[in-house]
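The following briefing describes a single protein chain. Please consult the sequence and the structure as displayed below.

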Amino acid sequence: MAGLPSYPWRLAPDGLATRRQLRAAGLRPGGQDVVAQLERPRCWRGPLIAFLYRIELALPVRPMTPAKTAALAKANTARRTCPTCRSDAGYVIPTSLGACVPCAYPEEQRAA
């Protein structure tokens, strides 16, 4: 972002934090604009950029409601259910396979 103050990695002034740092403190940006950025140099590509927010303007993280908890549990169950055999795989099914391992590789399961 043009016009933002830029600081070297690990040298941000006090009172500023990244999204991750805010989240670790139980806070969220709360709609405030980015006030600065950190740049971490890399050898072969452009630098990594982390945006900084003011800690004093940050708001507390919204609490999890029972409806959100139920929706999250339902979504995780759907990610664990194999579309081929309709059983709970016991792990999140990789999108690259599209099915649990026994359904994705049936010939290897018979040989074992």
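How many helices and how many strands does the protein chain have? The protein chain has four helices and six strands, where helices (H or I, at least four residues) and strands (E, at least two) are DSSP runs numbered from the N terminus. This is a predicted model, in which local features need pLDDT of at least 70 and side-chain atom pairs count only at pLDDT 80 or more, while totals for chains, interfaces and linings use all residues. Residues are numbered from 1 along each chain as its sequence is written, and side-chain values use heavy atoms, with hydrogens and water left out.

**Overall architecture**

- Starting at the N terminus, the order of elements in the protein chain is β-β-α-β-β-β-β-α-α-α.
- The radius of gyration of the protein chain is 22 Å, whereas a compact globule of 112 residues would have one near 13 Å; the value is taken over C-alpha atoms, and the globule rule is 2.2 Å times the number of residues to the power 0.38.
- Along the principal axes, the C-alpha atoms of the protein chain fill a box of roughly 60 × 45 × 20 Å.
- Of the contacts in the protein chain between residues at least 6 apart in sequence, 49% join residues at least 24 apart; contact means heavy atoms within 4.5 Å.

**Surface and charge**

- Buried residues make up 16% of the 112 residues of the protein chain; buried means under 20% relative accessible area, exposed over 50%, and partly exposed in between (1.4 Å probe, protein chains only).
- The protein chain exposes about 8,500 Å², of which carbon and sulfur atoms supply 57%; accessible areas come from the Shrake-Rupley method with a 1.4 Å probe, and for residues only the protein chains shown count as cover.
- The protein chain carries 16 positive and 7 negative charges, whose mean positions are 5 Å apart. Lys and Arg count as positive and Asp and Glu as negative, without His and the chain ends, and the place of a charge is taken as NZ of Lys, CZ of Arg, CG of Asp or CD of Glu.

**Buried loop positions**

- Gln32 is found in the loop between strand 3 (27-28) and strand 4 (36-40), and is buried, with a relative accessible area of 15%.
- The side chain of Gln32 reaches the backbone oxygen of Pro29 at 3.2 Å. This is a polar contact, that is, a pair of N or O atoms within 3.5 Å; within protein, one must be able to donate a hydrogen and the other to accept it, and residues adjacent in sequence count only if both atoms are side-chain atoms.
- Apart from neighbours within four places in sequence, Gln32 is in contact with Tyr53, Arg54, Leu57 and Ala58.
- Ala58 is placed in the loop between strand 5 (48-54) and strand 6 (59-60), and is buried at a relative accessible area of 13%.
- Not counting residues up to four places away in sequence, Ala58 touches Leu22, Leu27, Arg28, Pro29 and Gln32.
- Thr18, in the loop between strand 2 and helix 1 (19-24), counts as buried at 15% relative accessibility.
- With neighbours within four places in sequence left aside, Thr18 is in contact with Leu38, Ala50, Phe51 and Leu52.

**Positive phi angles**

- Most residues other than glycine have a negative phi.
- Arg10 is not a glycine, yet has a positive phi of about 70 degrees. Arg10 lies in the loop between strand 1 (6-8) and strand 2 (16-17) and counts as exposed at 75% relative accessibility.
- Arg86, also not a glycine, has a positive phi of about 60 degrees. Arg86 is found in the loop between helix 2 (66-80) and helix 3 (101-104) and counts as exposed at 64% relative accessibility.

**Cysteine contacts and separations along the chain**

- Cys85 is found in the loop between helix 2 and helix 3 and counts as partly exposed, at 36% relative accessibility.
- Cys85 touches Cys100 and Cys103, not counting residues up to four places away in sequence.
- The C-alpha atoms of Cys85 and Val34 are separated by 48 Å, the two residues being 51 residues apart along the chain.
- Gly3 lies in the segment before strand 1 and counts as exposed at 81% relative accessibility.
- Between the C-alpha atoms of Gly3 and Cys103, 100 residues apart along the chain, the separation is 54 Å.
- The C-alpha atoms of Ala58 and Thr81, 23 residues apart along the chain, are separated by 38 Å.
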